[in-house]
Amino acid sequence: MAHGLNPAQSDAVETLSGPLLVLAGAGTGKTRVVTFRIANLIRHGTAPDRILAVTFTNKAAGEMKERVGELLGYAGKRKKRGEKRPEPTISTFHAHCVRVLRRHATALGYPAKFSIYDRSDQESLAREILRLLRLPGTALKPGDLLGIISNWKNESIHPDQAPMVASTDKEHLAAAGYRRYQEGLKTRGAMDFDDLLLQTEVLFDQHPEIRDAEAGKFDHVLVDEYQDTNGSQYRITKHLAGKHRNLCVVGDDDQSIYAWRGADVTHILNFKNDWPDAKIVCLEANYRSCGAILEMANRLIKFNAERHDKVLRPSRPDGVRPRIAQHKDETKESQSVVGEIKHLIENEHIQPRDIAILFRTNEQPRLFETELRKADVPYVMLGSQSFFDRREVRDIVAYLKWIDQPDDEVSLLRIINTPSRGMSPKTVKTLMEHAVADGVSIWQIMQRRDIVADLSPAAQRGVADLQSVFADVTARAKSESLSAAMDTLLTRTAYADEINRLYDEPEDRQNRMASLGEVANAIGAFEDNRDDADLTGFLADIALSGREMGNEKDKLAMQNAVWLLTLHAAKGLEFPVVYMVGMEEGLLPHSRSVKSGREEDIAEERRLCYVGITRAQEQLTLSMALTRRKWGKPVPTIPSQFLYEVTGQATNPNQFRKQRKMARR
Ligand code: ATP
Ligand code: MG
């Protein structure tokens, strides 16, 4: 078994039962331990489908599945259609919760086919709520409301508890909004992302028999990146593992970077309190990065005062020293980074997929994208705007959501007159008023002949059109396939004409049509991979993956492209060549943390910087611009305090701030 594992790793992999914690630094093979352990459990007789492994991203889940398959010798042997081969469940918390909720949501008063609202669905609902509460736009913006609600949900605070915990004015307003928002979701048969976790927790709390049935599906639970579990995830894990106690968690407190989303590092640090008989394994050898890179990472993280000190030794040679590069401005920075990348690809035979550009904020990648396009270097972007945010994709997906769940009003209102079908804003308002008065959905109102008969002739034709689109698509999905139903949808709505109407440029039109093609491709791929493919399943799949990336981007990645990633999205990954760009105060550390000045906020930014550095295997460049435009004007920047820390120029965490204060005087 020891093949490809060091003694400490083997120890963890060969521990076949009981609670087990692997707390170890970056690149020490924690994820490898999880993967090998799954394979080892199966070799020792655990039925594959009795194993649940939880990863942080869909990408990680996919890679783990593949790897376990290789270890067990499934590789290359593609599953035949219809063949049932028991497999471990390897997925994200969110995806697993969707499966649980599909089985039991009715126990909470949600339809089994609840829709999953993404950000823009949530915003529509939030706007509606704020209108209902007659809150002027300035007091509380939809984004504020959603942000506050999300924080509460991440701390498992329910609407009735919110007024008690609210402290600021905005929070008090939001507490009122939260209740309406939650009711709004429920009447629409919808959940947002945070609900997927929270409602699962509620389900397990309120229905012990369901909890036991769900927990009883597995004999082993393994969780990667455990340092980033929030309260709900932590409690769900405990519920799932409570009986059999075969819980293996791995993580690194120095890489805890989701405190802002409710993650709590004490879950991993206090693991022993919950599971006193837990076996703890420490891994110390880093297999990922060259010595000089690791030295830099170690030097940086020591500046965090509160941490569990760990040994992290290089097992690779020193390699090339990391570089720090200063550029005149942000344009020069992007040109120079992309210039170097082009050189590496053309002259050093480095593959594009082996290179990553890491950044902190969503505004940063634009310039790099521009330069990469100019230089004709293929690239993929993760963690930023998703494929599923494009207008035409949103429209078609809204149609699909509505067809799956006709009471989903956010989706219905999006497509009710897109493409135009005589449903004027006045008609829509009338329908909404009836719906509110009768406490039913707009779709149900549209089935009422007495009400429809009072509408204008154009609107009546519109309603009839929607009804027949609905009937045709549903029928085709039943009799044939989802792909066929998608064809019907595009033809019946004449969506291509809508694209031609909206966009004049042939290239634009082509791109937009291609996006629709991608949705069709995604449906096709989904049907090929599932025996039980249905529309509900497909929509859940894209809702979950759309959050990380569009499927098309996955494909691109396989085609060998440079990675453009936020530091958050880079967690768990590794690349031979890494560029960390924008190493400036206000970017990394983020302006929010600089402004708050709180040590714990800076510490989280430092961990983020640590995550970035430890992604690099062979070459690492930290770059910054001396000036950067803000609202169009170049403003001088201040080098990130982390640059002083990684180079050893700073000796204690406060020195940098003191020096800056001095410089200002
Ligand atoms: P992170 O903290 O970033 O999530 P990790 O601890 O999960 O890192 P892995 O991604 O599992 O680390 O491993 C890092 C790299 O080291 C991978 O390329 C892995 O294949 C390699 N590796 C791990 N253990 C060994 C080993 N015993 N021998 C050779 N290579 C190894
Ligand atoms: Mg890992």
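Modeller: Let us start with Glu 225, which is buried, with a relative accessible area of 11%. Buried means under 20% relative accessible area, exposed over 50%, and partly exposed in between (1.4 Å probe, protein chains only). This is a predicted model, in which local features need pLDDT of at least 70 and side-chain atom pairs count only at pLDDT 80 or more, while totals for chains, interfaces and linings use all residues. Residues are numbered from 1 along each chain as its sequence is written, chains are lettered from A and ligands numbered from 1 in the order in which they are written, and side-chain values use heavy atoms, leaving out hydrogens and water.

Biologist: What is the phi of Glu 225, and where does the residue lie?

Modeller: Its phi is positive, about 55°, although Glu 225 is not a glycine. The residue belongs to the loop between β6 (220–223) and α11 (231–241). Such elements are DSSP runs numbered from the N terminus: helices (H or I) of at least four residues and strands (E) of at least two. Asp 376, also a residue other than glycine, has a positive phi near 60°. Asp 376 is placed in the loop between α16 (365–374) and β13 (379–382). At 67% relative accessibility, Asp 376 counts as exposed, whereas Glu 225 is buried.

Biologist: Which residues are joined by cis peptide bonds?

Modeller: One such bond joins Thr 418 and Pro 419, with omega about -10°. Pro 419 occupies the loop between α18 (409–415) and α19 (425–438). Another cis bond joins Leu 588 and Pro 589, where omega is about 0°; Pro 589 is in the loop between β15 (575–580) and α28 (591–596).

Biologist: What does Glu 498 touch, and is Glu 498 buried or exposed?

Modeller: Contact means heavy atoms within 4.5 Å. Leaving aside residues up to four places away in sequence, Glu 498 touches Thr 418, Pro 419 and Ser 420. Two of these partners, Thr 418 and Pro 419, are the residues of a cis bond. Glu 498 is part of helix α24 (residues 495–502) and counts as buried because its relative accessibility is 6%.

Biologist: How many aromatic pairs does a search of the whole structure find?

Modeller: The search finds eleven. Tyr 399 and Trp 402 form an edge-to-face pair, 6.2 Å centre to centre with 65° between the planes. Rings of Phe, Tyr and Trp (its six-membered ring) pair if their centres lie within 6.5 Å; planes under 30 degrees apart are stacked, over 60 edge-to-face, the rest tilted. Tyr 399 and Trp 402 are separated by about one helical turn because they are three residues apart in helix α17 (residues 391–404).

Biologist: Which residues have the most contacts inside the largest nonpolar core?

Modeller: In soluble globular proteins, nonpolar side chains tend to be buried together. A nonpolar core is a set of buried Ala, Val, Leu, Ile, Met, Phe, Trp, Tyr and Cys residues joined through side-chain atoms within 4.5 Å. The largest has 44 residues, and those with the most contacts inside it are Ile 396, Leu 400, Trp 402, Leu 431, Met 446, Leu 489 and Phe 538. Helix α17 gives the most to this core, with eight residues. Apart from it lies another core, of 41 residues, including Val 223, Leu 247, Val 249 and Ala 540.

Biologist: What does Phe 538 touch?

Modeller: Not counting residues up to four places away in sequence, Phe 538 touches Leu 400, Leu 482, Val 519, Ala 522, Ile 523 and Phe 526.
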